[in-house]
Amino acid sequence: MLKDLLTNEYLSKLDILDMAVKKRLSQAGTAGARKSSAKGSSLEFSDFREYTPGDDLRRVDWNGYARFGRLYTKLFNEERQAVLNIILDGSASMRFYPEKWDYAAAFAASMAYIALNNSDMVNIFIADGGETDKCTALSSKQSFPKTVAFLEKERTGTKTELCRSVKPLAGERLGEGISLIISDFFSKDGYDSAVKLLRNKKQAVSLVQILDSREINIEERGNVKLIDSETKETRELELTPEMLDRYQRALDSFRNEMREYCVRNESGFYAFDTKTPLLAAVGDVLK
């Protein structure tokens with residue numbers, strides 16, 4: 001169960017991790033990364049300019065007028081709310097191992113928790129069989145229980161079709177934010193057009209591949225009958241050491257291909273399995 005992973009102790013560790021990230025950013029001189037150069041209505045002073053008719057009189061620098069006899073208007077930096085868009089693959093292949101789904105959902109919840117803790121906006125989309133279930137406009141720490149309830153909602157996973165599922169997001173207001181696609185990426189229609197769509201909507205995109213540890217290290221041996229959890233297609237084969245070696249090389253090749261694609265398309269790529277401590281996975285993405 002998701003709530004078994006999101007204990008108070010774990011959430012406290014997320015708070016500490018969040019503070020460590022903020023401290024590192026501050027020491028690196030990028031603490032103002034979310035401040036826009038656009039002039040808005042926050043309380044952080046930016047500059048002066050000469051008064052023009054129609055300016056808000058509350059922004060006039062009257063002390064400056066008394067000293068210099070000229071009217072100037074105070075300008076302020078606009079602090080824009082960051083937006084985190086989480087696209088979580090809810091297909092049958094993600095749910096075949098309950099631990100795999102719980103890990104992926106807990107990872108999504110962890111990223112949402114940190115964003116909400118910073119008063120950023122969070123949109124969550126569950127992608128499944130070309131359809132998308134959504135929970136949007138979450139904007140405060142008080143929204144976290146709603147986040148968990150949405151992720152725990154009972155659903156029946158079908159086929160992995162990421163590109164088809166992400167396509168409706170073209171009509172969503174995603175903001176100029178960060179989009180995480182969390183999936184095993186065993187997708188019938190790949191992931192290329194999904195990434196391109198999100199990047200066209202001014203998103204910083206990262207692909208987060210999550211596999212069950214049993215998908216990394218196959219425990220079965222000998223003659224087996226494999227049944228595709230999504231298409232129900234079957235295949236009989238013998239799991240010999242040579243066959244398992246071919247599987248491992250194919251998996252490594254698939255991951256390297258994704259990694260290279262992300263480099264070419266200025267996106268992030270992360271790969272975890274359920275043996276990776278959840279806090280370590282979250283910390284790796286936040287680096």
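Reader: Does Leu71 count as buried, exposed or partly exposed?

Author: This is a predicted model, in which local features need pLDDT of at least 70 and side-chain atom pairs count only at pLDDT 80 or more, while totals for chains, interfaces and linings use all residues. Residues are numbered from 1 along each chain as its sequence is written, and side-chain values use heavy atoms, with hydrogens and water left out. A residue is called buried under 20% relative accessible area, exposed over 50% and partly exposed in between, with a 1.4 Å probe and protein chains only. Because Leu71 has a relative accessibility of 30%, Leu71 counts as partly exposed.

Reader: Between which helix and which strand is the place of Leu71?

Author: Helices (H or I, at least four residues) and strands (E, at least two) are DSSP runs, numbered from the N terminus. On this numbering, Leu71 belongs to the loop between helix 3 (62-68) and strand 3 (72-79).

Reader: Leaving aside its neighbours within four places in sequence, which residues is Leu71 in contact with?

Author: Contact means heavy atoms within 4.5 Å. The C-alpha atoms of Leu71 and Tyr51 are separated by 5.4 Å, although these residues are 20 apart along the chain. With the neighbours within four places in sequence set aside, the contacts of Leu71 are Glu50, Tyr51, Val60, Trp62 and Tyr65.

Reader: In what order do the six strands of the open sheet stand?

Author: The protein chain holds 11 helices and 11 strands. Two strands pair if DSSP finds at least two bridges between them. Six strands form an open sheet with mixed pairing, and their order is 6-5-4-7-8-11.

Reader: Which strands stand at the edges, each with a single partner strand?

Author: Each edge strand has a single partner strand, so one side of each is left without a neighbour in the sheet. The strands in this position are strand 6 and strand 11 (268-273).

Reader: Which residue of strand 6 is the bridge partner of Phe125?

Author: Strand 5 pairs with strand 4 (residues 83-89) in the parallel sense over seven bridges, and there Phe125 of strand 5 stands opposite Ile87. With strand 6 (residues 131-138), strand 5 pairs in the antiparallel sense over six bridges. In strand 6, the bridge partner of Phe125 is Lys134.

Reader: How many of the eight residues of strand 5 are buried?

Author: Strand 5 covers residues 121-128, and it is largely enclosed by the rest of the structure.

Reader: Which residue of strand 11 is the bridge partner of Ile210?

Author: Strand 7 (residues 178-183) runs parallel to strand 8 (residues 204-211), joined by six bridges, and within this pair Ile182 has Val208 as its bridge partner. Strand 8 is also joined to strand 11 by six bridges, again in the parallel sense. Strand 11 is mostly covered, with five of its six residues buried. In this strand, the bridge partner of Ile210 is Phe272.

Reader: Which strands does helix 5 touch as it packs on the sheet?

Author: Axes are lines fitted to C-alpha atoms, for helices over the stretch in contact, and angles run from 0 to 180 degrees between N-to-C directions. The direction of helix 5 makes about 175 degrees with that of strand 4. Packing on the sheet, helix 5 touches strand 4, strand 5, strand 6, strand 7, strand 8 and strand 11.

Reader: Is helix 5 roughly parallel or roughly antiparallel to helix 6?

Author: Angles under 35 degrees count as roughly parallel, over 145 as roughly antiparallel, 65 to 115 as roughly perpendicular and the rest as oblique. Helix 5 (residues 98-117) and helix 6 (residues 144-152) pack at an angle of about 160 degrees, and their axes are 10 Å apart. Helix 5 is therefore, relative to helix 6, roughly antiparallel.

Reader: Which residues of helix 6 make the contact with helix 5?

Author: From helix 5, the contact involves Trp101, Ala105, Ala108, Ala109, Ala112, Tyr113 and Leu116. From helix 6, the residues are Phe144, Thr147 and Leu151.

Reader: Leaving aside its neighbours within four places in sequence, which residues is Ala108 in contact with?

Author: Ala108 lies in helix 5, and with a relative accessible area of 0% it is buried. Its C-alpha atom is separated by 8.5 Å from that of Ile124, 16 residues apart along the chain. Setting aside neighbours within four places in sequence, the contacts of Ala108 are Ile86, Leu88, Leu151 and Ile182.
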